[in-house]
Each structure stands twice: as structure tokens, then as C-alpha cells.
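Hello,

Here is the structure I promised to pass on to you. Please open it beside this email, and then read on for what turned up in it.

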Amino acid sequence: MRAAVLGETGQDRLDVLDDVEPAGFGPGKVRVRIRATGLCHSDLSAMSGVLPQPAPFVPGHEGAGEVLEVGEGVTRVAPGDRVVVCWLPACGDCPACRRGQRHLCLAGFMNAGTPNFRRTGAGGGEVFGFAGTGTFAEEVVLDAPCAVPVPDDVPFEIAALIGCGVTTGLGAAFNTARVEAGSSVAVIGCGGVGISVLQGARACGAAQIVAVDPVAGRREAALRFGATEAVAPDGLADAKRRVTGDEGFDHVFEVVGRSATARTAYDATRRGGTLCVVGAGAADDELRFSMFELFFDEKRILPSLYGGGDVLRSYDRAVALWRAGRIDLEGMITHRVRLEEINEAIDQMRTGEALRTSISL
């Protein structure tokens, strides 16, 4: 079968190979035919080494498809079922799961260290799947909890978006920050996840939503998705003054994953307000605060991992909001490519040209 493979961490191009096959099928496993997958910035971060991932590996973690085969003991899905790939499944039994913080379960992260592909051509060898999945492949073998059923009326490319970016962004607004009706919001970084944050804030009833992004096309897109205004980074201070009387926003979302933008977001947050950190950054990129400002300003700093709530409930909520026309998911897909065009899609994401690219297999 075909798959896009990164041979070594740090390379900026993928090789589309036809000698890769899924591996590890057995009890408790599911074999899925991937029909659509989204390109997420986390895939690029794994390629560059910002996010840890053994290589060689198949990127991709935002996917949807249909079940081809189930292993012994799998009862939740059956061959033919339409599923979304969940890269952070909950085991249901660890301390985090028992506390109701299922998104903090580490079971899914353990999958990243187990190869789930192998090459059959000259040289052979094991190949990992990013975050234990690897959706830039025609088929993939997953732990059963990673294959979550979705209704048949949800198109594959929409289900794929729900698998990561949409759930992450909506959840940051709904679950982590808990945006109140009538509040003021700023979203720094308006790619696919940032646009989802924006749509979540709008669905929560935020009165003012300022989108901040250096790319003009993304600012224009943010306005289409409900931002009340959109500014370049050097316009944030003026927007803060005009919209909040220079007090600061009730909620500021950092969706870039860099300490510099997180610091900017903190400074744009009002005293007693919420800074919600959504972007995935590097382990050695440190954010500094003085002890006095932390004490005196009483700003809440809330990281949001995968939307900060129960993933299965978040999937259902996203589908319900999409069906009701409360969020626009089709409009987020600005580019559609085939797997062999994956490197073109990566270039479009790096330049900011693409909001979300759907890759069909």
C-alpha cells in the first residue's frame, strides 16, 4: 500500500512509498482503511523534532475511514463502520481517567513508541505511526479505542477534522476557558485550530472576538468565521485599547505554541482574566513571569490539551453543532489534495496559504 514516510527527524519532505504495510494486527486491534486525513501543524512539529516521535514514521493523526477488520475481543466497531481516528484514547482505568480527566490519560502516548507499519521492499524495517496512528497511509492498524464510530451522514473529510483540530479548538473555548456569553476574546494564531477556537467562542456567545495573525488570508478567513475584527500582531495593542478600554481581554487564546506569543497573550489578558495556551511548543522554549505579576494580576493560565475534556463527548458535540449549522467545518477546508501531493500541502501550511488541507487516499 501507499504511505507518506519521514525517514529521519529534521527532514522537511516526505517520501510517498508503495512498499509499506500495516503491522501489529491481533486481539484488541482494528484495521482501518483511511479515506481522508487532515494536515495539522503538529505533523510538521513532529517532522522537525519539536514534538518527540521516533523515526522513521508515517505522519498524520487527523483521519477518518472505514473499518476493514477487527481483532478478537473488539465489540464496539465492526467491519464497514465509519470511524474517526482518535490519537489520544482513554484507557478508562488509570488515575486520570478515574478522576474524570480522560484527556490526560497516557495510554495513547505509549502507542507512539510501538511500530505499527513495516516496509516490505529492499531493506525492509519497522516504521512508526505519529502519535500511535499515522494517517498518511491507505491503511493503519490501531488499538480499538482509537477507532471511534461516527454517524454515516458525517463525510470522511469532516470527520477527519473533528479527530483533532476542531475538537482541540472548540474544547479550548468550551471546556478549558469556559467562555462566558458577552465576554471579550482574542485569538492569537488563526490556522485551523485557531479558527476552531474562534468558532467555539462565538458559539459560547462571546460579544467581541479579535483574531490576530500575520497572514492576511487568515485574517480574512477569521472574519468569515465570526471574528468581529482581525488584526496583524502589531495591531493587537490598539485593538486591546479600543475594544477593552486598555483593560485587557477576558479570554486570550495562544494557538501558536511559542513563548513569545504566550507572553504577548498574557499581557493582552485583563487582570483576573484567562490565558488559554492551546499551541503545542518545544520542551526547551521557556515562558517567564515574575512572581509579583502572577500574584498581583491573578490571571489564570490554563493549558488545553486536545480540548481539555472528554474526547468522545467532544466529538459528539462537534457533530451536533455542525448538523445544526452552528459551526462551519466545510468552509475550513481550503485545499484538497491527493497523497502524492502531500509535500505541496506541507508548503502551503508553512506559508499560511492553507487553513486546512484535506488529503484523500
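Let's start with helix H1, where Ser42, Asp43, Leu44, Ser45, Ala46 and Met47 are buried. Buried means under 20% relative accessible area, exposed means over 50%, and partly exposed is in between (1.4 Å probe, protein chains only). Helices (H or I, at least four residues) and strands (E, at least two) are DSSP runs, numbered from the N terminus. After H1 comes Gly49, with a positive phi near 100°. In the loop between H1 and E5 you will find Pro56, and the peptide bond from Ala55 to Pro56 is cis, with omega near 0°.

Before going further, please keep in mind that this is a predicted model: local features need pLDDT of at least 70, side-chain atom pairs count only at pLDDT 80 or more, and totals for chains, interfaces and linings use all residues. Residues are numbered from 1 along each chain as its sequence is written, and side-chain values use heavy atoms, with hydrogens and water left out.

Now for the domains. The assignment gives domain 1 (3-164 + 309-360) and domain 2 (169-303); such bounds come from an automatic or database domain assignment. Their C-alpha centres lie 27 Å apart. Across the boundary, 18 residues of domain 1 are in contact (heavy atoms within 4.5 Å) with 20 residues of domain 2.

Where does the largest nonpolar core lie? A nonpolar core is a set of buried Ala, Val, Leu, Ile, Met, Phe, Trp, Tyr and Cys residues joined through side-chain atoms within 4.5 Å. The largest one has 96 residues, and Phe136 and Phe253 have the most contacts inside it. Domain 1 and domain 2 both give residues to this core, so it lies between them. Another core, of 13 residues, lies apart from it and includes Ile188 and Phe249.

Val32 and Leu142 are 110 residues apart along the chain, yet their C-alpha atoms are separated by 7.6 Å.

Next, the aromatic rings. The whole structure holds 4 aromatic pairs. Rings of Phe, Tyr and Trp (its six-membered ring) pair if their centres lie within 6.5 Å; planes under 30 degrees apart count as stacked, over 60 as edge-to-face and the rest as tilted. Phe292 and Phe296 have ring centres 5.2 Å apart and planes at 15°, so this pair is stacked. Both sit in helix H10 (residues 291-297), 4 residues apart, about one turn of the helix. Phe292 is exposed, at 55% relative accessible area, while Phe296 is partly exposed, at 41%. Arg271 lies over the face of Phe296, 4.2 Å from the ring centre. A charge sits over a ring if NZ of Lys or CZ of Arg is within 6 Å of the ring centre and within 35 degrees of the ring normal.

Finally, have a look at Tyr306, which is not a glycine but has a positive phi near 55°. Tyr306 is buried, with a relative accessible area of 2%.

Happy exploring!
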